[in-house]
Amino acid sequence: MKAIRIHEHGGPDVLRYEDLPTPKPGPGQALVRIEASGVNFIDVYHRTGLYKVPLPYTLGMEAAGTVESVADDVTVVGPGDRVVYTGPPGTYAEYAAVPADRLVRVPDGMDVRIAAAVFLQGLTAHYLALSTYPLKRGDTCLVHAAAGGLGLLLCQIAKQRGARVIGTVSSEAKSRLAREAGADDVIVYTEQDFEVETRRLTGGAGLQVVYDSVGKTTFDKGLNLLARRGMMVLCGQSSGPVPPFDLQVLNQKGSLFVTRPTLGHYVATRDELLARANDLLGWVAVGSLRVRIDREYPLSAAAQAHRDLEGRRTTGKLLLHP
Ligand SMILES: NC(=O)c1ccc[n+]([C@@H]2O[C@H](COP(=O)([O-])OP(=O)(O)OC[C@H]3O[C@@H](n4cnc5c(N)ncnc54)[C@H](OP(=O)(O)O)[C@@H]3O)[C@@H](O)[C@H]2O)c1
């Protein structure tokens, strides 16, 4: 089968389009023929070595496709089932052998491309808005990179929860998309100081929560914007990691909370995975959550997808097709 592997860390050029043996499902596993693999910023961290992975490494954490075969002990899915999953690495490939208890059935009538496009970032938006800081009517939240894959989904879910949503983006075109996703106000943070602008928009009232997936360039100012006992949810680092931090600052700025959550810990059991997935795929099925597929590439063009994502040229989801 074809797959995209790295043998060393580095820029997009280290991605190699290679022939590998098609895996066989071991105990508890299903063999999935991948039809669409999501591209996520975490794939960039794996490629650059910001997050350590064993080399050589097949990239990719999200896919949808069809079950080809299962091990004798697998009962939760069977051959022919259309499934989606996130977590087990190696989705930039034609096939993957995946722990069957990580697979979720794609609802009848839903395109597998849509399921692949929404799963990782949608489950993330779900846990951020419903569990990490459960948004409620009357709250105001700040969503950085609001027109990104995660951002567009988080804006919609935050709005559904009744919160006021302020988004940040790097261009006017992205600003339009964030508004369409429900952001009440959008700040072009490459042109305006988002701290000053957020204060103006809120009349100086503090925010209950900042969802910060950008990290290095936004973290400090975000802390300044929180209300007393507000929560900084550092959920990514698209601009680079946040440097070491003096916890005393949390006291000085208003008994603040900081958390650094990751999806795996919010879908650790099959019950929790299915509960979130049922909500998410249900919202997509009835049209209350819109999924924007921005760009689709053949698997062999994965390096271009990485250049586009890192170059801040994308809005919404990028998919690879084996
Ligand atoms: N913790 C979790 O469980 C979890 C799960 C999913 C994703 N994430 C994180 O959430 C973030 C977004 O992921 P995504 O896959 O949805 O990507 P994305 O938001 O579609 O793309 C990244 C966006 O970050 C913004 N950005 C700001 N500064 C940047 C810089 N220096 N270089 C590149 N981009 C920059 C850009 O938006 P503008 O041009 O508008 O600034 C860019 O479009 C990532 O940090 C990812 O690791 C975390």
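This is a predicted model: local features need pLDDT of at least 70, side-chain atom pairs count only at pLDDT 80 or more; totals for chains, interfaces and linings use all residues.
Local features need pLDDT of at least 70 and side-chain atom pairs pLDDT 80 or more, while totals for chains, interfaces and linings use all residues. Numbering runs from 1 along each chain as its sequence is written, and side-chain values use heavy atoms, with hydrogens and water left out.

View 1. H9 covers residues 302–310 (helices are DSSP runs of H or I, at least four residues; strands are E runs, at least two; both numbered from the N terminus). Ala302, Ala303, Ala305, His306, Asp308 and Leu309 are buried here (under 20% relative accessible area, 1.4 Å probe, protein chains only). These buried residues pack against helix H1 (41–48) and strands E1 (2–6), E3 (29–39), E15 (293–298) and E16 (317–321), with contact meaning heavy atoms within 4.5 Å. After H9 comes Arg312, with a positive phi near 60 degrees.

**View 2. Around the ligand.** Of the 29 residues around the ligand, Tyr127, Ser170, Lys174, Tyr189 and Arg312 come nearest (a heavy atom within 4 Å counts as near).
- Tyr127: a polar side-chain atom at 2.7 Å.
- Ser170: a side-chain N or O atom at 2.5 Å.
- Leu263: a backbone N or O atom at 2.9 Å.

**View 3. Lining of the largest cavity.** Val143, His144, Ala145, Leu150, Gly151, Leu154, Tyr211, Ser213 and Cys235 line the largest cavity (lining residues have an atom within 4 Å of a point on a 1 Å grid where a 1.4 Å probe fits but cannot get out, over the protein atoms alone). Helix H3 (residues 149–160) gives the most, with 3 residues.

How values were computed
Buried means under 20% relative accessible area, exposed over 50%, partly exposed in between (1.4 Å probe, protein chains only). On a 1 Å grid over the protein atoms alone, a cavity is a set of points where a 1.4 Å probe fits but cannot get out, and a pocket is an open set with protein on both sides within 12 Å along at least five of seven lines; lining residues have an atom within 4 Å of a point. A polar contact is a pair of N or O atoms within 3.5 Å; within protein, one must be able to donate a hydrogen and the other to accept it, and residues adjacent in sequence count only if both atoms are side-chain atoms.
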